[in-house]
Amino acid sequence: MEAVREVEETLSELRQTFKGGRTRSIAWRKKQLSSLLKLVNDNEENIFRALDQDLGKHPVESYRDEIGVVKKSINHTLSNLEKWVAPKKVGLPLPMFPTSGWLLPEPLGVVLVFASWNFPISLALDPMIGAIAAGNAVVLKPSEQAPASSSFLANTIPQYMDSKAVKIVEGGAEISELLLQQKWDKIFFTGSQQVGRIVMSAAAKNLTPVALELGGKCPIILDSISSPSDLKVAIQRIVGGKWGPCNGQACIGVDYMLVEEKFAPTVIESLKKTIKRFYSESPKDSKCLARVVNKRHFERLRNLFKDPPVAASIVHGGSLDEENLFMEPTILLDPPLNAAIMTEEIFGPLLPIITVKKIEESIEFINSRPKPLAIYAFTKDANFRRRVLSETSSGTVVFNDILIQFVCEALPFGGVGQSGFGRYHGKYSFDTFSHEKAVVQANFFIEFGSRYPPWNDFKNNIIRSAYNLDDLNLVLLLLGLKR
């Protein structure tokens with residue numbers, strides 16, 4: 001009962017703050033964003049420490065994927081905020097002259113942001129940047145599976161930001177359930193499809209709009225590349241993109257690879273060499289790879305290759321360190337397609353390679369599964385690129401690289417179908433937490449009365465001309481030059 005009371009009081013205070021109008025001020029929004037930037041700058045070492053405790057992330061990885069992402073997002077938002085909030089005039093048809101119209105972005109109200117554990121700083125603060133930029137009051141619920149990062153956010157944010165408009169609520173599943181029982185003006189969730197369904201079901205009871213950033217099985221298509229230098233670049237990007245960010249625990253990370261059967265041995269050897277070069281002969285001791293977040297996820301990953309037919313497909317890696325929750329980069333060749341490793345999102349350091357006779361068959365393979373958050377394709381064939389774009393559906397398509405779309409504010413980030421809906425980053429974050437209100441302003445000029453009864457043929461012609469957008473015909477009718 002105490003938790004229920006605290007949640008209700010938190011929400012009530014935020015609603016009063018929003019109702020009072022303080023969050024609508026551009027000056028307030030800029031001050032909060034600048035304060036958040038100061039928080040990150042002042043606490044880099046504390047963030048490094050929290051991410052190391054939660055996931056064993058190296059400071060370089062933590063800066064690249066967490067701190068740097070947040071700083072870049074804040075600076076971009078501060079540079080563009082006044083342009084984003086400005087009303088946008090729209091052209092109206094001549095029959096409406098001299099009426100004017102414009103679009104006015106307005107904040108939604110009090111919004112709830114659920115963060116995930118794999119990037120517990122950036123995936124908490126990046127959506128919050130958009131919510132604040134749009135003028136909302138915010139509740140941030142960090143992931144309890146990254147307790148050090150959650151504690152850091154809960155203890156630090158109130159020291160820098162307006163505590164009457166920005167609240168951090170910590171807790172486990174019970175607190176999340178309590179939050180979902182409340183009425184929000186929007187819910188932004190990053191996490192698994194399973195929990196996403198729970199969030200959406202709860203939101204539907206109050207007709208609350210949601211943005212779901214989920215995931216899925218993101219494939220990489222590796223076309224046969226004849227140039228050794230091009231293949232080297234491709235393999236480096238694949239290895240860095242698969243295992244670099246949180247050791248494969250990333251929603252937009254590579255889940256499996258599709259290659260031509262004849263090309264597979266070359267690819268596997270190149271992958272092995274690059275893994276050893278990047279992460280040494282003993283990846284566990286390199287300190288360059290994150291660990292699995294907790295024992296439950298470790299067991300889930302271990303069970304993916306526990307079955308003999310799956311275990312038999314391992315061609316590299318496979319060693320486990322349960323005490324330290326570490327799994328080395330592992331490659332599997334053609335595991336059974338009906339095994340869990342090929343039907344569930346892996347979210348870990350395992351990379352199945354699926355062979356096809358012709359690389360064009362990869363399109364049909366991808367289309368036989370739910371729409372992914374991203375498709376990565378390495379190819380120099382322009383016709384094949386066109387086919388991938390026109391014949392598949394995904395949140396993003398990236399050619400000849402991995403993950404770079406995530407750090408580009410000019411592009412929206414989000415899924416389609418089971419990989420999620422709603423999008424954010426840059427202006428798209430602002431839009432996600434705004435309502436673009438249509439405004440029309442008419443004048444009290446004398447009317448010809450053509451839109452009011454009683455009806456006659458003359459008025460009928462005027463109305464038909466107006467709806468056909470035949471502006472010249474309408475002018476002639478009004479001037480009496482045409483019947």
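This is a predicted model: local features need pLDDT of at least 70, side-chain atom pairs count only at pLDDT 80 or more; totals for chains, interfaces and linings use all residues.
## Two helices side by side

Start with helix 2, residues 26–42, and helix 4, residues 59–85. Their axes are 10 Å apart. The packing angle is about 165°. An angle over 145 degrees counts as roughly antiparallel, so helix 2 and helix 4 are roughly antiparallel to each other. Their crossing is left-handed.

Which residues of helix 2 meet helix 4? On the helix 2 side they are Ile26, Arg29, Lys30, Leu33, Ser34, Leu36, Leu37, Val40 and Asn41. On the helix 4 side they are Ile67, Val70, Lys71, Ile74, Asn75, Thr77, Leu78, Leu81, Glu82 and Val85. Sorted by class, this contact has 11 nonpolar, four polar and four charged residues.

Now turn to the backbone. Most residues other than glycine have a negative phi. Two residues in this model go the other way.

Take Phe347. Its phi is positive, about 55°, although Phe347 is not a glycine. Phe347 sits in the loop between helix 14 (340–343) and strand 14 (350–356). Is Phe347 buried or exposed? Its relative accessibility is 16%. Buried means under 20%, so Phe347 counts as buried.

Asn400 also has a positive phi, near 65°, and is a residue other than glycine. The loop that holds Asn400 runs between strand 16 (396–399) and strand 17 (420–421). Relative accessibility is 29% for Asn400. Exposed means over 50% and buried under 20%, with partly exposed in between. Asn400 therefore counts as partly exposed.

## Aromatic rings

How many aromatic pairs does a search of the whole structure find? The search finds nine. A pair of aromatic rings is described by the distance of the centres and the angle of the planes.

One of these pairs joins Phe406 and Phe413. The two rings are 5.1 Å apart, centre to centre. Their planes make an angle of 90°. Planes over 60 degrees apart count as edge-to-face, so the pair of Phe406 and Phe413 is edge-to-face. Phe406 is buried, with a relative accessible area of 16%. Phe413 is buried too, with a relative accessible area of 3%.

Phe406 and Phe413 also belong to a cluster.

Notes
Residues are numbered from 1 along each chain as its sequence is written. Side-chain values use heavy atoms; hydrogens and water are left out. Axes are lines fitted to C-alpha atoms, for helices over the stretch in contact, and angles run from 0 to 180 degrees between N-to-C directions. Helices (H or I, at least four residues) and strands (E, at least two) are DSSP runs, numbered from the N terminus. Angles under 35 degrees count as roughly parallel, over 145 as roughly antiparallel, 65 to 115 as roughly perpendicular and the rest as oblique. A crossing is left-handed if the near helix is turned anticlockwise from the far one by less than a right angle, and right-handed if clockwise. Contact means heavy atoms within 4.5 Å. Ala, Val, Leu, Ile, Met, Phe, Trp, Tyr, Cys and Pro count as nonpolar, Asp, Glu, Lys and Arg as charged, and the others, Gly among them, as polar. Buried means under 20% relative accessible area, exposed over 50%, partly exposed in between (1.4 Å probe, protein chains only). Rings of Phe, Tyr and Trp (its six-membered ring) pair if their centres lie within 6.5 Å; planes under 30 degrees apart count as stacked, over 60 as edge-to-face and the rest as tilted.
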